[in-house]
Amino acid sequence: MILADKLIELRKQNAWSQEELADRIGVSRQSVSKWESGTSIPDLDKILKLGEIFGVSTDYLLKDELEELTPEYSVELKDEGRNITIDTANEYMDIVPEAASGIGRGVALCILGPALLMFIIVFVMGIMGSSFENIGGAIGTGIMLLVIAFGVLRIVSNSMKLSKFEYLDEEPVSLDYGVKGIVEKRKENFEDTFRKYIAVGVGICVAAVVPLVIVGGVLESELGTVFCVGILLTAIAVAVYMFIWAGMIRGSYQKLLQEGDYTIENKKLSKKMNHFPGIYWCSITAIYLAISFSLNNWDKSWIIWPVAAVAFAAIEALLKHLLKKNL
């Protein structure tokens, strides 16, 4: 139970309105309302006053894990690390969804670039004939590069919004009193959304392979296969957006709580592996385009993406294992 919930419960046990409690403490009713909604935290002197009024310890008010009333009056000591206030935590948790959406769209555009190339080649060859394949490829390549460039711009610009909070990835932090409970509550409320986004994203990726298998393997249509590759890449772009958006928001709560991939030990690993995902996926994209253009086998080279996704998880786990030994 977090501080906000405890205040509501204690106030109702005494049959007081928010205004009556505010008068006893010497604050406005709006202040009490903000405390009970979890949008702000009482100052330390107000915490002590609340303890006196309700006849409970400050430990009970401040420590989320304490559910039973205790008579002692003591103030919770903070852990070592950079201090995170309620305002800082709220600012971070509010800005992450916006930045995650922008970064997710940027990555999706980088994947959509090759998809547009596929669609343009199919359109030109379907309207003008197979002899115009090179023209379609040239036009598509130009558009693809523009889309990728715009996607990279979105990734960089939205990543800069989070630059002031980079220390959360690398340094140990100490949450101000009451902040932990608020973060845990927001994380709990987001869990269902996170699971749905991941499940739907995986479903989209699996479903998008079906047309490619049917057209390429059964019907053996070269033009149809190229079109289905475009559909597959489009589906992957949508799924990747969902993975990034949901993952970054959930990750923001984990960073503040220092759990999951963001424990103090894992933060040291994260600092060393910070550039690995970017280098890996840029390399995979370069390899995919180089093979596809040089061998002109767009109907087969798409297999690089699912293989790269599986390999990414394996390589990342191996690197973390090796780095842990050196810590």
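Predicted model: local features only at pLDDT ≥ 70, side-chain atom pairs only at ≥ 80, totals over all residues.

Guide: Start where α2 passes α4 in a right-handed crossing.

Visitor: Why is α2 called roughly perpendicular to α4?

Guide: The axes of α2 and α4 cross at roughly 110° and come within 10 Å. Angles of 65 to 115 degrees count as roughly perpendicular (under 35 is roughly parallel, over 145 roughly antiparallel, the rest oblique). So α2 is roughly perpendicular to α4.

Visitor: Which residues of α2 and α4 meet?

Guide: L21, R24 and I25 in α2 meet K46, K49, L50, I53 and F54 in α4. Contact means heavy atoms within 4.5 Å. This group divides into five nonpolar, no polar and three charged residues. Ala, Val, Leu, Ile, Met, Phe, Trp, Tyr, Cys and Pro count as nonpolar, Asp, Glu, Lys and Arg as charged, and the others, Gly among them, as polar.

Visitor: And what about α1 with α4, is that crossing left-handed or right-handed?

Guide: Left-handed. Helix α1 (residues 3-13) and helix α4 (residues 44-54) pack at about 35°, with axes 11 Å apart. L3, L7, L10 and R11 of α1 touch I47, L50 and F54 of α4.

Visitor: How do you know that the buried residues of α1 sit on the same side?

Guide: The buried ones are L3, A4, K6, L7, L10 and R11. They cover an arc of only 160° around the axis, so they lie on the same side of α1. The face turned away from that side carries K12 and Q13, which are exposed.

Visitor: Last one: why is N90 called buried?

Guide: N90 has a relative accessible area of 15%. Buried means under 20%, exposed over 50%, and partly exposed in between (1.4 Å probe, protein chains only). Therefore N90 counts as buried. You'll find N90 in helix α6 (residues 86-128); leaving aside residues up to four places away in sequence, N90 touches T39 and R186.

Terms used: Residues numbered from 1 in each chain as written. Heavy atoms only, no water. Axes fitted to C-alpha atoms, helices over the stretch in contact; angles between N-to-C directions. Helix = DSSP H or I, 4+ residues; strand = E, 2+ residues; numbered from the N terminus. Left-handed = near helix turned anticlockwise from the far one by under 90°. Arc of directions from axis to C-beta.
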